[in-house]
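Please keep the sequence and the model in view while I speak.

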Amino acid sequence: MMGKSAPPRATIERLFHPHQHIVAFATQECERSITSSMVNRKKASWDKLLDTIGHDKGYVGIGRSTLCALHLVVFIKKELVPYMDSLVTSQVACGVMNEIGNKGGASVSFKLGDTSIMIIGAHLAASKKNTKLRHANYRKIIQQMMYKHKPIGQHKEDSDVEPLLRDFDHVLFMGDLNYRVDLEREKVDELIQHHQYHVCLKHDQLLQKLAVPSDVFRNFNEAEILFAPTYKFDPDSTVYDTSSKKRVPSWTDRILYRHKPNFQSHSMVLSYDADFTNHYSDHRPVYARMLLSTHAVKAPESPVK
């Protein structure tokens, strides 16, 4: 999600569901704009809010990864902390001149027992016309993160899968991916008015890419989208962009996932939705609840007395 200020506490509390073992937040421009974050990337108020609520709900923050205005935080239930190890964080910039952190990815990877998990928060190139640049952003993020996270992986599979991804049992790739709907604004407005989202989605740049074999988001999946476009809204409003640019409403905010073959049959998306009740941003936050299959987790050995 994006927003110059943090969402209400009640919104965050709902996401720390008592039956969830892992909770991850990927934000863009939360607390500070991209420009301000180039000078000061700290998210003190946001982190304090998350830590306070997480602690009250029985969670521990195990990893944070920040790239300018992009921020990823991962929590796990406190009783699972003894089973967690191999924590690695990394950041890859691919913004201005392909080097500045106004766009890029931030990741947290870890093992829970013998199950390896990587979570990537990303903010890819903007503008409807920049589809190829978004693809290039993805490639750079994956390729450079490979070298930083590779030691955690212990499993191998077919050589045609990106080296980074084949080392992990589960990979989540989420954030403001900035893919747009390739239709005119007037047509999209009409379709939204009649709740014909499925027609708009036939022209969604990301879904078109996921539908064909390529090196971009290979083996990634996305749950069915049944909610309205999450971008772009007028400030503190339920109305899509009325500025001179009149941007086409689109599903820029996405959550993709990839499971190793031996985990696929018992892993699933339980819900995938957006929260349209909060107007603190020109985007609407997207969330997913997932069931991830794991290897059997052994109890940690007690120290020898």
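Where in the chain does C68 lie? C68 sits in the loop between strand 2 and strand 3. Before I go further, please note that this is a predicted model. The phi angle of C68 is near 50°, which is a positive value in a residue other than glycine. Is C68 buried or exposed? Its relative accessibility is 14%, and because buried means under 20%, C68 counts as buried.

The protein chain as a whole has eight helices and 10 strands. Of its 305 residues, 53% are buried. If we take contacts between residues at least 6 apart in sequence, 67% of them join residues at least 24 apart.

How many bridges join strand 2 to strand 3? There are eight, and the two strands run antiparallel, with strand 3 covering residues 70–77. One of the residues to look for is L67, whose bridge partner in strand 3 is L70.

I turn next to the helix that accompanies this sheet. Helix 3 has 13 residues and reaches 18 Å from its first C-alpha to its last, close to the 18 Å expected at 1.5 Å a residue.

Which residues of helix 3 are buried? They are W46, D47, L49, L50, I53 and G54. These residues lie on the same side of helix 3, because they cover an arc of only 160° around the axis. The buried residues of helix 3 are covered by elements including helix 1, residues 9–15, together with strand 1, strand 2 and strand 3. On the face turned away from the buried side, helix 3 carries the exposed residues A44, S45, K48, H55 and D56. Just after helix 3 comes G58, with a positive phi of about 90°.

In soluble globular proteins, nonpolar side chains tend to be buried together. The largest nonpolar core in this model has 35 residues, and those touching the most other members are F110, I119 and W251. Several elements each supply at least two residues of this core, among them strand 3, strand 5 (104–112), strand 6 (115–123) and helix 5 (185–193). Leaving aside neighbours within four places in sequence, W251 is in contact with residues including Y179, V181, Y197, L201 and F227.

A second, separate core has 21 residues, including I141, F168, F217 and F220. F217 is found in the loop between helix 7 and strand 8, and has a positive phi of about 55° although it is not a glycine. With a relative accessible area of 3%, F217 is buried.

The loop between helix 7 and strand 8 also holds K232. A cis peptide bond joins Y231 and K232, with omega about 0°.

I close with two threonines. T131 is found in helix 4, residues 131–149, and counts as buried at 18% relative accessibility. Setting aside residues up to four places away in sequence, T131 touches Y179 and Q205. T294, in contrast, counts as partly exposed at 40% relative accessibility, and is found in the segment after strand 10.

Which residues is T294 in contact with, leaving aside its neighbours within four places in sequence? The contacts are T115 and F263. The C-alpha atoms of T294 and D114 are separated by 7.8 Å, while the two residues are 180 residues apart along the chain.

Definitions and conventions: Residues numbered from 1 in each chain as written. Predicted model: local features only at pLDDT ≥ 70, side-chain atom pairs only at ≥ 80, totals over all residues. Heavy atoms only, no water. Pairing = 2+ DSSP bridges. Helix = DSSP H or I, 4+ residues; strand = E, 2+ residues; numbered from the N terminus. Expected span 1.5 Å × (residues − 1). Buried < 20%, exposed > 50% of the residue type's maximum accessible area, 1.4 Å probe, protein only. Arc of directions from axis to C-beta. Contact = heavy atoms within 4.5 Å. Core = buried A, V, L, I, M, F, W, Y, C linked by side-chain atoms within 4.5 Å.
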